[in-house]
Amino acid sequence: MIPLAVPNLNGNERKYLNQCIDTTFISSVGEFVNKIEELTAQACGTKYAVAMSSGTTALHLSLIGTRVSRDDIVIIPNFTFIATANAVSHCGAVPWVMDISPDSWTLDVSQLESELSLYTEKKNGGVYHIQSGRRVAAIMPVYTLGNIPDMDKLNEIAEYYGLPVVSDAAAAIGARYKNKNLGELAELTALSFNGNKTVTAGGGGAIAGNNKELMTKLKHLSTTARVTPEYDHDMVGYNYRMTNIQAAVGCAQLERVNELVSKKREIRAFYNSEFENLENVSLFPIPWYDESACWLSGIILNNNSKFNVRNLCNELKNNGIEARSFWKPISLQTPYKDCVKSSSLKVSENLWDKIITLPSSTTITSDELKYVAETVKRLVVDI
Ligand SMILES: *Cc1c(COP(=O)(O)O)cnc(C)c1O
């Protein structure tokens, strides 16, 4: 079976893991935890980064850091992994899902602008959703598959309403927007080092940012808000630490981040060149202002395709190829059926069940890529 996305462990992973065992530093302090924070900040173009136990906890703590609290609203795109919405819920807040732009699969900033102007009011120094009376506390764009939304426009809107921007860049390491690095576009940027991401630590995550005071507070909160070793704590903290074992793997990966991201882009370019003229199939979008990190690649099935996602995935599986459907929108998920919704979610609700992700591991060989492309073409073309 050619897998969808497996880790590439051909660097210093083994060596660094052995160092953890040899020194007995396997837990939440150790040189690799410090090192992964340095390497993450470097990769994001920020001054600081805090290592976290997962992408989800990185999102949760980022929202807490921007003072999102109980009963607030956080604006997120409808098309995202459920962890984005869950992090909002973990704050006791409610997501307001907005549609995505078809050209980027990221938050539709025109809709963001019109929804805010139609359905909110400024009062008491804040922005309030008129119908629910809830305070709108933050905007959390998602860098879908390593595509960054139009952040110039988005930040302009956020500034007008005085809303903080926290980005879900969970799968976007390596992405750039108009010559800016992914950590330079929001107050806080959350990353994931889950096993299926371009850079993995087995599991784990990080928050990147430039505000020293805030970043110090986030580190403090993520490590049980401990003031002294004498069991003295000054806030309700979290055990969201990354272990030195995770960080050891993550450091070995981050040393090769450019190589891993280049390989992801090569995979995208190869599939696109193979499928660009294929009938009933469209390509994943990349907006002109992005250098996408191309986390996963694949195809979109048009309406008149003889296949749906499920039966094409099954056919591919019968041919030794792992292919999968992609994110089901938040508005269609059971725990979020009553969340705040924008006036139209057409793009996300019509798109999601037409997407197929194809093998995109950085370890994939050119023969395997050719085999995948030939098999897809043979199956979808009517002869
Ligand atoms: C992977 C992912 C997450 C969650 O990260 P975990 O490390 O699995 O908690 C959140 N948001 C997006 C967009 C992701 O792709």
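This is a predicted model: local features need pLDDT of at least 70, side-chain atom pairs count only at pLDDT 80 or more; totals for chains, interfaces and linings use all residues.
View 1. Helix α3 spans residues 55–65. Of its 11 residues, 9 are buried, so the helix is largely enclosed by the rest of the structure. The buried set is Gly55, Thr57, Ala58, Leu59, His60, Leu61, Ser62, Leu63 and Gly65. Buried here means under 20% relative accessible area.

View 2. Serine 54 caps the N-terminal end of α3. One of its side-chain oxygens lies 3.3 Å from the backbone nitrogen of threonine 56. After α3 comes arginine 67. Its phi is positive, near 65 degrees.

**View 3. Polar contacts to the ligand.** Gly55, Thr56, Asp168, Ser192 and Lys197 are the closest residues to the ligand. Threonine 56 has a side-chain N or O atom 2.5 Å from a ligand oxygen. For aspartate 168, a polar side-chain atom lies 2.8 Å from a ligand nitrogen. For lysine 197, a polar side-chain atom is 3.0 Å from a ligand oxygen. Taken alone, the ligand exposes 390 Å². The protein buries 91% of that area.

**View 4. The pocket and the shell around the ligand.** The ligand takes up the space of the largest pocket. Two elements, α3 and α4 (82–90), each give two or more residues to the shell. Helix α3 supplies the largest share, 3 residues. In total, 18 residues surround the ligand. By class, the shell has 8 nonpolar, 8 polar and 2 charged residues.

Technical notes: Residues are numbered from 1 along each chain as its sequence is written. Side-chain values use heavy atoms; hydrogens and water are left out. Buried means under 20% relative accessible area, exposed over 50%, partly exposed in between (1.4 Å probe, protein chains only). Helices (H or I, at least four residues) and strands (E, at least two) are DSSP runs, numbered from the N terminus. A polar contact is a pair of N or O atoms within 3.5 Å; within protein, one must be able to donate a hydrogen and the other to accept it, and residues adjacent in sequence count only if both atoms are side-chain atoms. A residue is near a molecule or strand if one of its heavy atoms lies within 4 Å of it. Accessible areas come from the Shrake-Rupley method with a 1.4 Å probe; for residues, only the protein chains shown count as cover. On a 1 Å grid over the protein atoms alone, a cavity is a set of points where a 1.4 Å probe fits but cannot get out, and a pocket is an open set with protein on both sides within 12 Å along at least five of seven lines; lining residues have an atom within 4 Å of a point. A molecule sits in a cavity or pocket if more than half of its atoms lie within 2 Å of its grid points. Ala, Val, Leu, Ile, Met, Phe, Trp, Tyr, Cys and Pro count as nonpolar, Asp, Glu, Lys and Arg as charged, and the others, Gly among them, as polar.
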